[in-house]
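Here's a quick walk through some local geometry. Have the viewer open as you read.

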Amino acid sequence: MTLTVVPDQAERPTARDELSIWPASTRRAPRDELTVGGVALTEIAERFGTPVYVLDEDEVRDRCRAYRDAFPDADILYAAKAFLCRAMANWVQEEGLGLDVSSAGELELAVTTGFPPERMVMHGNAKSPEDLRAAIRLGVGRVVIDSSGEIARLAAEVPSGTRQKVLVRVIPGIAAGGHTAIRTGTEDQKFGLSLVDGSAQHAIARILDQPGLELVGLHCHLGSQIATVKPYMLAVRRMVGLLSRIRRQHGVSLPELDLGGGHAVAYRPGESLLDIAALGTRVRSELDASCAAADLPVPRLTIEPGRAIAGPAGVALYRVLSVKRTGDRTFVAVDGGMSDNPRPALYGVRYAPRLLGRRSPAGFRPATVVGRHCEAGDVLASDVQLPDDTRPGDLIAIPVAGAYHLSMASGYNMVGRPPVVAVTGGRARLLVRRESFDDIRSRDVGL
């Protein structure tokens, strides 16, 4: 049975002020300038070129600390799929977080920073043999079993005389999230094992019979952009119910429960976002009460935020290449697009772009910010308010660009992926360099 959770508007905070969706360090400066981390965004555009991602290191660290404060007795794992580079891995490690990885590539990059593999969890609905071998070879702390076929494949990779700790990803039958493409708690998607048809229970029994695997807990992930705590409360109750059945059937009390992430952030002023402090309080209360009712020991809780840490810390900067007025429509074309941000095309997400670097005397009019790619769906922001005199050469900034931008970037039209620049304390430094044509050409080795 799948339950759709209706959001309670009364419990969802909103971001209303124009700068409320920007990094906390953002300040207004003369000539309609903005600074982030003490650095003018126009200066970053001039120095590093555009498109460019700006990442506020202090914002990332502050958000890591906010999660530690909200969940003081839990393990917090940063979801690397949102955005990962060596600096990001280093920041979250220094702030006391673990890491949630989804591939051998993410795992190996993190390990090169010195990130302890035992503080990582590996996910994936279809882990490759290379993924599983890397997890075993490097000593990943937990592997999340996502399908019954994965049990034997993983067990075969475990060296004789050792055991790999695993979690089972369970479909809790809860519909929550901002878009059907990012709802993962229901039966009709690719992740996890079902409670309804018994596949989760069957997998649990098989794992308990594997000498090379140690089942330490359950995992569930409801989706993304969830702005209310109610789905998580329901997930806790259903997972505790399964923990209770496992103890009755197998005599085992599993010590861990991973509730995933999916915590909503606001992409535009006025949008709802999840109150992390309230989530922490209510999850802990519900977990304690549910376990007491079932006469179960309270499992160690794990939370996996990704977007909620990286997203609001990032800003994307673009140069306007052309302005075209067609009938009642105004199209502002910039020097990036769907190759560096496919999310509007995939999920219909809406952003709040802003003109930077000059004070316009003109009024505002609706415009659609589009990319440079040969694709009609290459749209970054539809029907947004921009100055009527927006022109080529202007600088456009899009906040909340730290998650699922570069990590989902493509090689469409061989444009090359943008660089990432970190700001903190009035200084800017390059974290990830721009992908050059030489990079693209060097991969093409045949005629």
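## Ground rules

This is a predicted model, where local features need pLDDT of at least 70, side-chain atom pairs count only at pLDDT 80 or more, and totals for chains, interfaces and linings use all residues. Numbering runs from 1 along each chain as its sequence is written, and side-chain values use heavy atoms, with hydrogens and water left out.

## Aromatic pairs

Rings of Phe, Tyr and Trp (its six-membered ring) pair up if their centres lie within 6.5 Å; planes under 30 degrees apart are stacked, over 60 edge-to-face, and the rest tilted. That rule gives two aromatic pairs. Y67 and F71 make a stacked one, at 6.4 Å centre to centre with 10° between the planes. Y67 is buried at 2% relative accessible area (buried is under 20%, exposed over 50%, partly exposed in between, using a 1.4 Å probe and protein chains only), and F71 is buried too, at 4%.

Y267 and Y351 go edge-to-face, 5.4 Å centre to centre and 85° between planes. Y267 sits in the loop between β15 (256-258) and β16 (271-272), and Y351 in the loop between α11 (343-347) and β20 (354-356), so the pair ties together parts 84 residues apart in sequence. Helices (H or I, at least four residues) and strands (E, at least two) are DSSP runs numbered from the N terminus. Both Y267 and Y351 are buried.

The T50 to P51 peptide bond is cis, omega near -10°, with P51 in the loop between α1 (41-48) and β6 (52-56).

D295, a non-glycine residue, has a positive phi near 55° and is exposed at 59% relative accessibility. M414, also not glycine, has a positive phi near 50° and is exposed at 56%.
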